[in-house]
Amino acid sequence: MSDFPDSASRVPSRAPGPAPTPPTRGTALRHRLAELRGGGDVPAQPLDARALAALAANPGCRRRALLDGAGVDKTALARSLGSPSGFGQSQFAFMRGNAFEARVKADGGAELLRLTHGRLGGGPEPVPGESAVPDLAAAGPEGRAARTALALREATESGGWTLLDHPMLALDVAGTPAFLEPDAVVVHPDGGWTVVEIKSFPMIDGSADAAKVGAAARQAAVYALALERVAARLDPAPSIRHHVLLVCPKDFSNLPTASAIDVRKQLSVTRRQLARLTRVEDIAAQLPEGTTFDVRRPAAELTAAVEAVPATYAPECLSACELAFHCRTRAREQGEVTALGRSVRGELGGLTTIGEILAAAAGTAGDPDDPAVATLRRAAALRSEALAGAGAPGAA
């Protein structure tokens, strides 16, 4: 037996430790989105109801889905690209809206509750001074969301009219909570919940601008979806009315009037879009290695990163997206039909560029059996006849 034992015998054996826990899908996604923003030191821009509503308005835009899912500051990004956006609300409009909202909610929301009962019912007529307006103050958005959930439960159990002024709701978006603040939520004596949207644009002779009403409906649908998440945690779950209350100035006065807007279609679209946002990792996986939207990068590098994500531009983007000017310029440069509007794009079928349209109208390209091509050629022929008639001798 040797006096010098084998060296291996002097090393105490170690039991194998637990294998490192692999990152979960949610953790990996958050890390990837942070990389796209420019690193962990770049805070994510929180998603609000207006941004989620804009996503629902243009569900085919992968560029906006990725940028919003990653929390990229699109205002700063547009500025770095050299296409600053004029998107936003003027200070005058902001002040006017606040003044109108304060009037609607005055006296404990008596007028607002009267309008709610008149348009949606849900119990006996509210008596001024007898409706509840709970205090929703709490520390931080998480605290306010918890306080709102408690107030909703208590209001449902009370069996009376309750007005929640600027409640805080939480909605999971791409694995992270988005905190949303509707103008108001009304709890009816029958236990139903109604989202209230207060806008400063006028309602003339009982109707308002269709585009503005559509935008308000999409925004209200986001709030209704967040309310569904709160209701699902109660037993029994209260009903969320699919009609929201839109309150606007009546005619050219500052008196409030209201209309019930059915948002079932907007709710369906928003659900699909949020489901699509949870798959932003699939969009990110198709990007070139090292792609980032860090606004501290050179403009040329940022432009290449943005162009690597397909966009679906439409003129409506000008009132809803900070990158609209950049996308419009690119759409025009590439002759995309979408730059002319969705309705025009829908009428032209498989013709997707201005060049294809002109070639089809001139008869040098396109299937003559295609109704869109046949219509274009007929329109071109009529135009030529009109121009020839206008240039003929003696033409008036």
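This is a predicted model: local features need pLDDT of at least 70, side-chain atom pairs count only at pLDDT 80 or more; totals for chains, interfaces and linings use all residues.
Student: Which residues of helix α13 are buried?

Tutor: Helix α13 spans residues 324-333, and its buried residues are A324, H326, C327 and A331. To be called buried, a residue must have under 20% relative accessible area.

Student: How do you know where the buried residues of α13 lie around the helix?

Tutor: Viewed along the axis of α13, the buried residues stay within an arc of 160°, so they line one face of the helix. An α-helix has 3.6 residues a turn, so residues three or four places apart point the same way.

Student: Which exposed residues does the face of α13 turned away from the buried side carry?

Tutor: R332 and E333 are the exposed residues on that face.

Student: What covers the buried residues of α13?

Tutor: The cover includes two helices, α4 (62-70) and α12 (299-307). Cover here rests on contact, that is, heavy atoms within 4.5 Å.

Student: What separates the C-alpha atoms of K265 and A217?

Tutor: These C-alpha atoms are separated by 9.6 Å, while the two residues are 48 residues apart along the chain.

Student: Which residues does T257 touch, not counting residues up to four places away in sequence?

Tutor: With those set aside, T257 touches L115, R119, M203, L246, V247, C248, P249 and K250.

Student: What makes H188 buried or exposed?

Tutor: H188 sits in the loop between β4 (184-187) and β5 (193-198). Its relative accessible area is 0%. That value is under 20%, so H188 is buried.

Student: Which residues is H188 in contact with, leaving aside neighbours within four places in sequence?

Tutor: The contacts of H188 are T116, L120, G121, G122, G160, W161, T194 and R241.

Student: How many cavities of 30 Å³ or more does a search of the whole structure find?

Tutor: The search finds one. About 40 Å³ of space lies in the largest cavity.

Student: What lines the largest cavity?

Tutor: The lining consists of E197, V213, A216, A217, A220, V244, L246 and I261. At least two lining residues come from each of α9 (210-231) and β6 (243-249), and α9 provides the largest share, four residues.

Student: How many nonpolar, polar and charged residues does this lining have?

Tutor: By class, seven are nonpolar, none is polar and one is charged. Glu counts as charged, and E197 is among the lining residues.

Student: What does the secondary structure of the protein chain come to, and what share of the chain do buried residues make up?

Tutor: The protein chain has 16 helices and seven strands. Of its 396 residues, 40% are buried.

Methods:
Residues are numbered from 1 along each chain as its sequence is written. Side-chain values use heavy atoms; hydrogens and water are left out. Buried means under 20% relative accessible area, exposed over 50%, partly exposed in between (1.4 Å probe, protein chains only). The arc is that of the directions from the helix axis to the C-beta atoms. On a 1 Å grid over the protein atoms alone, a cavity is a set of points where a 1.4 Å probe fits but cannot get out, and a pocket is an open set with protein on both sides within 12 Å along at least five of seven lines; lining residues have an atom within 4 Å of a point. Grid points are joined across faces, edges and corners, and a volume is the space filled by probe spheres set on the points.
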